[in-house]
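Hello,

Here is the structure I promised to pass on. My notes follow below it.

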Amino acid sequence: MKHYTIPRVVTKLLLPLILLFALYVQFHGDYGPGGGFQAGVIFGAGFILYALIYGLDKARRLMPPQVLRVGVSLGVLIYAGVGLLGLLLGGQYLDYNVLDSHDPAHGQHLGILLVELGVGITVSSVMVTIFYAFAGRGR
Amino acid sequence: MQILGHFNYWIFIILMMCGFYMVIASDNLIKKLVGLGIFQTSVFILYISMGKITGGTAPIVIDKAVVYSNPLPHVLILTAIVVGVATTSLGLALVVRIQEAYGTIEADEILAQDRDDSL
Amino acid sequence: MIAHLPALQVVIPLVSAPLCALLPAGRPAWLAAMTASWLAFLIAALLLYQVLAHGPISYLMGGWPVPWGIEYRVDALNAYMLLIVAAIGAIVASFGRTVVEQRLSLPVNKHPWFYTAYLLCLTGLLGITVTGDAFNVFVFLEISALSSYALISVGRDRRALVAAYQYLVMGTVGATFILIGIGLLYVMTGTLNMGDLAARLPAVSGTRTVRAAFAFLTVGTAIKLALFPLHLWLPNAYAYAPSPVAAFLAATATKVAIYVMLRFFFTVFGVQFSFETMQLDKILLPLSLVGIVSASLVAIFQTNVKRMLAYSSVAQIGYMMLGVSLVSVAGLTASISHLFNHALIKGSLFMALGCVSYRVGAARLERMAGVGRSMPWTMGAFVIGGLSLIGVPLTAGFVSKWYLIVGALEKGWWPVAVLVLATSLLAVVYIWRVVEVAYFKPAPEGLKVREAPLALLIPTWALALANLYFGLDTSLNAGVARLAAQGLLGGAP
């Protein structure tokens, strides 16, 4: 893709917007349409676009596979950790009400935010990992 | 009008059968996966269309709306979409490794090679 | 913490799976997997004890009341299934580390992912069993299925890849059918909680939608549990998977699918709808009989012993479905106790074969000549498992065959009882072929075969001895199965 100037420039222009939109979908997910799955896919798609245009090696430098490996696991651990936290604070598993002892509604808000963050991290890491696995095969 | 009124179910059934036919009839492992994808997607349509309520708005709290569409099927099917993505990528990964091991992704050629092995 | 056991049952393997992926290859990842699976076994044992002492347990996820939230509901049948899955999971995880890893077609740095997939598979199977929410069943079904495709594909034979691919296509079709069935039920009732579904379904049970849902669920679960003639994915998947994976899947995955079928037929749809309105027993009975006979005959002609055991699994699934189609307490007791006994039998047989193929290189019949003398302990465990498979008295396999015959005679179906006895003779034939080659054929010249290492023998013998123990003390395998059967026939759990 070295000689194609237009896709390279357009990618550079679009990339911040894509990532920003992913973050918007992620953190607006508790009040509007959105959430971790969608945001994770959009975030991962940004990296995949970068890898398609600038090559796998550059993408791997930007987002190393070791980081992705941690990301894949970390998201699940955040999700399950929030659930266990609710359990330790005296509620049921994944009970967000107990996360804030004064205001259960705020607890719900906090809980869903953290859980969706975990989902987002895992989904975006998995998407990029799958892309690396296929693109890097047979090289 | 009864038949046209259920057009979402007709689309679901037609897509499902197209996908299912591809899974059964094609010999190429990737085409089988494409069929499997269509087959799964048809179920997404079944779920999403069943949540629609005539005259209902998107399930977001706003002042004017009284009737909301049912958001639960959408949430359920989000999970199934993720499952579909996982299935497709796992299937494609297997096809890549089958291609590396056998040098072909045609089901009948793979079978023929296996038969030679066991003789 | 005791009150949270139903959630922890699923959460502990679920949390350990990503932890395994982060740990370095070798001992740490294996230790994490083993600790998690033994903890899951401990929890399952505690749950069974609690259910037997105090009755069914209901756990509300996130504190949301039924039917809005997801409910985890444990009654005698669930608790019994959880114990089977967790026990096999723990014993298979203890199967010698270095030996197992040596037989994988994975580079060493990817070995932790094997344990991740294993724990995810365990999570999925435990989740299907513990949950009381119909859609949750589908989610956990796919978690366990996707990880089991990955587990099968790491076998060293390249045919493992094709087997995993075939299983993936069949399994996805089956799971999607189940998804359609659940969707149609939701359309008619507006609920996904199993108890609530059971309460609301009778009002709409005359509609075509509910009947279509019933058909989709039947075919979907039949693919998943490998009921004849939908069993074609199973023999290759078990034959080319690594031995511990084959032992784990043969002992748990199809059993859990049978559990799903029982749950939907008896608890959700109810006995009256499933067996009187839809007359399901009239379909299940011939299919299971043909399955038993044909799969047993095919098993006799296999030269790959793992494939032989896989076909024998299809036949054994036929026995379980035969018990279901009797629709009586004795028949269901036979089915449910055979879930337990067959898990012990196939677990010990596949693990003994794992020991053999570790030493002689392959599980082919001609390679096993003389191993009876060079590997006496391994083949001893194989023979005990084989006797139990045949259903010789004083072994676990006898218990379920006994109830099956009693159930058939209760109904006056003596030809069925005769057929059960006759097909046991077919099992004698295929087990005898292995025993004959292993004990009475001289080992090939110059081939030195040593006994399997202790790390493999201990878990194998644990299961083999369990076969003998539960043949004598039937309070757990038959006693609890009877309770579960009465629970299923008595209406809602």
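Helix 5 spans residues 111-130 of chain C and helix 11 spans residues 243-269; they pack at an angle of about 20°, with axes 10 Å apart. Axes are lines fitted to C-alpha atoms, for helices over the stretch in contact, and angles run from 0 to 180 degrees between N-to-C directions. The crossing of the two helices is left-handed (the near helix is turned anticlockwise from the far one by less than a right angle; clockwise would be right-handed). Helices (H or I, at least four residues) and strands (E, at least two) are DSSP runs, numbered from the N terminus.

On the helix 5 side, C:Leu125, C:Ile128 and C:Thr129 make the contact; helix 11 answers with C:Thr252, C:Ala253, C:Val256, C:Tyr259 and C:Val260. By class, that contact has six nonpolar, two polar and no charged residues. Here Ala, Val, Leu, Ile, Met, Phe, Trp, Tyr, Cys and Pro are nonpolar, Asp, Glu, Lys and Arg charged, and the others, Gly among them, polar. Contact means C-beta atoms, placed from the backbone, within 7 Å.

This is a predicted model: local features need pLDDT of at least 70, side-chain atom pairs count only at pLDDT 80 or more, and totals for chains, interfaces and linings use all residues. Residues are numbered from 1 along each chain as its sequence is written, while chains are lettered from A and ligands numbered from 1 in the order written.

Now the interfaces. Between chains C and B, 22 residues of chain C meet 25 residues of chain B. Helix 7 of chain C gives the most to the chain C side, with 14 residues. That side has 15 nonpolar, four polar and three charged residues. Chain A brings 17 residues into contact with 12 residues of chain C. The chain A side has 10 nonpolar, five polar and two charged residues.

Chain A has five helices and zero strands. Its C-alpha atoms fill a box of roughly 60 × 30 × 15 Å along the principal axes. Of its 139 residues, 40% are buried (20 or more other C-beta atoms within 10 Å of the residue's own; exposed is 12 or fewer, partly exposed in between; C-beta atoms are placed from the backbone).

Last, B:Val66. This residue sits in the loop between helix 3 (29-50) and helix 4 (72-102) of chain B. B:Val66 counts as exposed because it has 7 C-beta neighbours inside 10 Å.

Best wishes

Notes: Two residues are in contact if their C-beta atoms, placed from the backbone, lie within 7 Å.
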